[in-house]
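Here is a short briefing on a protein model. It covers fold, interface and charged pairs.

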There are 2 protein chains.
Amino acid sequence: MGKDTRTALLDSAERAARAKGIDGFSYADLAEEVGIRKASIHYHFPTKADLSVAMMQRYAETFLTLCKDIEATNATGAARLLVLIGKYRDAIGNGRSLCLCVALSGTRDSLPPETINVIRGFRAQMIDWLRDSFALGRQDGSIHNPADPREEAAACLSLLEGAQLAARAEENAAAFDGALSALKKRLG
Amino acid sequence: MGKDTRTALLDSAERAARAKGIDGFSYADLAEEVGIRKASIHYHFPTKADLSVAMMQRYAETFLTLCKDIEATNATGAARLLVLIGKYRDAIGNGRSLCLCVALSGTRDSLPPETINVIRGFRAQMIDWLRDSFALGRQDGSIHNPADPREEAAACLSLLEGAQLAARAEENAAAFDGALSALKKRLG
DNA sequence: GTCTATACGCAGATAGAC
DNA sequence: GTCTATCTGCGTATAGAC
C-alpha cells in the first residue's frame, strides 16, 4: 500500500508551494500529480485555505522535531548551528525551492489568518532555538566574536531566509553559500 | 496637469506588487486606482510581463541613483550603510510592503526572463555597492570586527531582504529592527 | 472516497469604434 | 489614447451519482 491520499496531497502541495508559491499551483496540478480528480481533493481539504493550514502545520512540526534531533546529537552551539544551516541549504535544491515559511511569507495576503498564525508560531520557536544555540556557543567558546544571543538569533533567521531568496533570485545555490560564508567562519 | 498615465500605472503597479506580489494584483485593480478602463492599460503595457520589466527597471534605476546620493553625502562606510539600512526599513511601512526586488524574487516563476535579468543585475550592483562600503568602513575604522568585504556584502543584502520578509510575516516593522540590531551595533 | 458534470467569477488579452 | 464589447481559459468550489 502506498501512502494515503491525504499525505500524497500534502507532499505534492508542499513541493509546489515551495517552488512556485501558494498562488503558483492549483488543485488541477495536484490532481494530476497525485492521480485523482481535482474535485476529490475537496473531500480532504474543502478549501485551499484549509490546505495551506495543514501544510504549514505539518511543516512546522517536522522542522521543530528536526531541531530537537540536532540538539540531541550535537554538543556545541556552533555545531548545532552549522547543521541547521545545512538544512536550510538543502531546502533550496538548485535554487528552485524555498523553505515553506519563506515561500508563504512572501504572499501573505493570499493566506487565511490561521495559516499566518502557524507561521508566526514557527518563527517564534525557531528564534528561541537559535537564541539557545547562540547562548550555548558563547558559553562553550565555539563561536568567535559572540554578541547578544537574542540579537544573533533574529539576525540569523533573517539571514537564512534572505539567503534562500537570494539563491532563488539567482537560481543558484552558490548565492546561499556566499551569504552564509561570513557566519560560517565565526562558527569555525 | 497630473502625471502622465504611464507613470501613474507604474506607481500603482509598484505599490501593489510590493504589497501583494506580482500575482496579487490585476489590470482591473490598476484601472480602478488610476481611473481608466483596464483595456486601456494594454496600450501602455501590452502584457503583464512587459509591465513587470518596466517596473523593475525603473525601480533599479531609482534605487541605484539613491546609492550614489548616499555616497556623495556620507563620508564613512558605517554612515553609508546605516543610511541604506534606513531606506530598507522605510520600504516596509507597517510590515505591509517589501522592496520590489524581494517581492518579485519570491514568485520568480511568474516572471519573464527579462525581468529576472533586471533583478539579477540590480542585486549584483547592490552587492558591489555594499562591498565598497564595507571596504571603506574597514579602512576608515568605522566598523567593529570587520570581516572580508565581499562576504559581508553578500550577507548584508540577504540580511536586509530576509529582515523585510520577517517584518512582513509578523506584520510588524519591529521584526526588521530586531534582525538588524546586531549589525547596527557594529556600525556604531 | 472518488467520480462526472457544472457553476461562477476573474484573469489576461484582442478587435474595432471614437 | 481611451473607450465598449467580447473572447477564451483557468481558478476555486459545489451537487449529486456511484
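The points below go from the fold of one chain to the contacts between chains.

This is a predicted model. Chain A has 9 helices and 0 strands. Its contact with chain B involves 32 residues of chain A and 32 residues of chain B. Over all chains, the structure holds 30 salt bridges.

**Fold of chain A**
- From the N terminus on, the elements run α-α-α-α-α-α-α-α-α.
- The radius of gyration is 18 Å; a compact globule with 188 residues would have one near 16 Å, which agrees.
- Along the principal axes, the C-alpha atoms fill a box of roughly 55 × 35 × 30 Å.
- Of the 188 residues of chain A, 52% count as buried.
- Among contacts in chain A with a separation of 6 or more, 68% come from residues 24 or more positions apart.

**Interface of chain A and chain B**
- About 3,000 Å² is buried between the two chains, and carbon and sulfur atoms give 52% of that area.
- On the side of chain A, A:Arg108, A:Glu151 and A:Leu165 lose the most area to chain B, together 18% of what that side buries.
- The rule finds 16 residue pairs in polar contact across this interface, both residues at pLDDT 80 or more.
- Helices H1, H6, H7, H8 and H9 of chain A each supply at least two residues of the side that touches chain B.
- H8(A) gives the most to that side, with 12 residues.
- By class, the side of chain A that touches chain B has 14 nonpolar, 8 polar and 10 charged residues.

**Salt bridges between the chains**
- The count between chain A and chain B is 6 salt bridges.
- One of them pairs A:Arg108 with B:Glu171, at 3.0 Å from N to O.
- Another pairs A:Glu151 with B:Lys185, also at 3.0 Å from N to O.
- A:Glu151 lies in helix H8 of chain A and B:Lys185 in helix H9 of chain B, so this pair joins two chains.
- A:Glu151 counts as buried, because its relative accessibility is 16%.
- B:Lys185 counts as exposed, at 52% relative accessibility.

**Salt bridges within chain A**
- A:Glu161 and A:Arg123 form a salt bridge, with the closest N and O atoms 2.8 Å apart.
- A:Glu161 is in helix H8 and A:Arg123 in helix H7, so the pair ties together parts that are 38 residues apart in sequence.
- Both A:Glu161 and A:Arg123 are buried.
- A:Arg131 forms a salt bridge with A:Asp132, the closest N and O atoms lying 3.2 Å apart.
- A:Arg131 is partly exposed at 27% relative accessibility, and A:Asp132 is partly exposed at 44%.
- A network of salt bridges links A:Lys3, A:Asp11, A:Glu14, A:Arg18 and A:Arg58.

Terms used:
Residues numbered from 1 in each chain as written. Chains lettered and ligands numbered in written order. Predicted model: local features only at pLDDT ≥ 70, side-chain atom pairs only at ≥ 80, totals over all residues. Heavy atoms only, no water. Contact = heavy atoms within 4.5 Å. Buried area = accessible area lost by both parts, 1.4 Å probe. Salt bridge = Lys/Arg side-chain N within 4 Å of Asp/Glu carboxyl O. Polar contact = N/O pair within 3.5 Å; in protein donor to acceptor, adjacent residues only side chain to side chain. Helix = DSSP H or I, 4+ residues; strand = E, 2+ residues; numbered from the N terminus. Nonpolar A, V, L, I, M, F, W, Y, C, P; charged D, E, K, R; others polar. Rg over C-alpha atoms; globule rule 2.2 N^0.38 Å. Buried < 20%, exposed > 50% of the residue type's maximum accessible area, 1.4 Å probe, protein only.
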